[in-house]
Amino acid sequence: MVAARYVTELVEALEAHAGRPALGAGPVVLEFQEVLDASWRLAGVLAESGVGRGSGLACVAGTNRPEVLLVRIAAHLLGARLTQVLAGPAQYGLDFVLRDCRPDLVVHDVPVPATGTRLLALDEAVREAGRRAAVPVSVAARDDDVARVTYTSGTTGRPKGVASTFGAMAARNSVRPAGWARTAYVSVTSLAQRSGGRCLEQFRAGGRVEILEPFGTREFAAACLRLAPVSTYLTTSMVYRLLDDPETARGVPGLEAVSYGDSPIHPQRLREALTHWGGRWRQGYGANEAGVICRLTPADHDAAVGGRPELLASVGRPVAGVEAEIRDGRGGAVPAGRTGEVWIRSAAMMSGYWGRPDLSAEVLRDGWLRTGDLGHFDGDGYLYLDDRAADVVMVDGDNVYCLPVEAALTRHPAVAEAVVVGRHSDLTGEEVCAFLVPAAGAAPAADAAAEACALVERALAPAHRPTAVFWIPDIPLTPRGKPDRRALRARAAGG
């Protein structure tokens, strides 16, 4: 059988760029061959601990440290089924995740719940690896093997394990933007999620990775200046923090390319970043279950600033290899301009939810994946997201989509961020509640809230106007950096 291309190409790239800097974290920088050697050594330690092709391996770390990437590469070499978790106070359901993914070994650098599974301290594994020779490891992984089981945040219920094969991982990384190799990629988000894969993509392109932990606006700006030119992936909240810091609001020297896309970004704030910072921007709309579905390219961002501002509210057009349709509740396609659920089909899709054939059957239909996102296409094929199906607020029987309401609220100069949720109403079934973060220099005020809500009514409809407004200093976030709507619903319900 042929070894998985996703892994063999990574090994070939690490060998091809030997002698060049590959992985940095502060003063320590590993060259490409050193990354491969360290991965081979760790693979040997893991193999002696019982990890092999088809084995379950969980890696639980308290911080984004370089060793997390090395464990990932080692697991891929062995063909193991990897689950990575960045643990922290906001982590939902760690005990459940470690039981559900059924690991044969848990590698960790923080205390983990007792599950009866064999444990290995990450630092111990690294020390043991450092004492042995770098013996090349034959790639055991095959395309049909499960490479990763990645868990959803669990903010709307029990976390779900998304199983992705090595073949699907290869499909997700088949197209790389030009110029990656000449930029240093500064990783500031979780290595257990999107940024971990992005680091491996950078290695494939022969580019350097720098891990910055934790993220701070000043520290990020210093790294960009030191490593210029720099590319990065930022969460929406990180973009806002950089815009709100006087030191970085007008630009980040050295920052050349920015990817973003973890959660919707308000068009006004995106335009602010584009005009003040410049550079190449691209948005990726996707999901754990599907990889990247649509992309708003650098050319699209330029067009938006140059005269098509409506594009800043779009998530772009489907990427190569992805079919996307908008369907109604019965599964029938709907025309451009009408809202429905986003269905997609591609080779990058998950194989299913780990151990949950019932949930898999709900979202996988005849080779298509139901994303749970609601949106519509325009006449040019650009996708606009209106809401998550689970987040729609029903007011007097009408669907109120949260994202357009949030976008309208942030048009008010006193509002920096807005998140909308629903709560029970005896009068209308549900009512719209808005949580607003005041803009820099603005004070929370009833008049400003009323004016922002009036903007919603004028832009949309009376039913969309929030009937309750909460001023808060910042939006609570999930471990993925997305607005924690569950926490906000609980607060709204409590009055």
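Student: Is Arg356 buried, partly exposed or exposed?
Tutor: This is a predicted model, in which local features need pLDDT of at least 70, side-chain atom pairs count only at pLDDT 80 or more, and totals for chains, interfaces and linings use all residues. Residues are numbered from 1 along each chain as its sequence is written, and side-chain values use heavy atoms, with hydrogens and water left out. Buried means under 20% relative accessible area, exposed means over 50%, and partly exposed lies in between, with a 1.4 Å probe and protein chains only. Arg356 has a relative accessible area of 23%, so the residue counts as partly exposed.

Student: With which residue does the side chain of Arg356 meet in a salt bridge?
Tutor: A salt bridge is a side-chain nitrogen of Lys or Arg within 4 Å of a carboxyl oxygen of Asp or Glu. At 2.7 Å, N to O, the side chain of Arg356 meets that of Asp358.

Student: How many residues apart in sequence are the parts that Glu256 and Arg182 tie together?
Tutor: The side chains of Glu256 and Arg182 meet in a salt bridge of 2.5 Å, N to O, and Arg182 is exposed, with a relative accessible area of 52%. Helices (H or I, at least four residues) and strands (E, at least two) are DSSP runs, numbered from the N terminus. Because Glu256 lies in strand β12 and Arg182 in the loop between α6 and β9, the parts tied together are apart in sequence by 74 residues.

Student: Which strand holds Glu341, the salt-bridge partner of Arg370?
Tutor: The side chains of Arg370 and Glu341 meet at 2.9 Å, N to O; Arg370 is partly exposed at 28%, whereas Glu341 is buried at 11%. Arg370 lies in strand β20, and the pair ties together parts 29 residues apart in sequence, with Glu341 in strand β17.

Student: What volume does the largest cavity have?
Tutor: On a 1 Å grid over the protein atoms alone, a cavity is a set of points where a 1.4 Å probe fits but cannot get out, and lining residues have an atom within 4 Å of a point. Grid points are joined across faces, edges and corners, and a volume is the space filled by probe spheres set on the points. The count comes to three cavities of 30 Å³ or more, and the largest has a volume of about 150 Å³.

Key. 1 Å grid on protein atoms, 1.4 Å probe; cavity = no way out; pocket = protein on both sides within 12 Å on 5 of 7 lines; lining within 4 Å.
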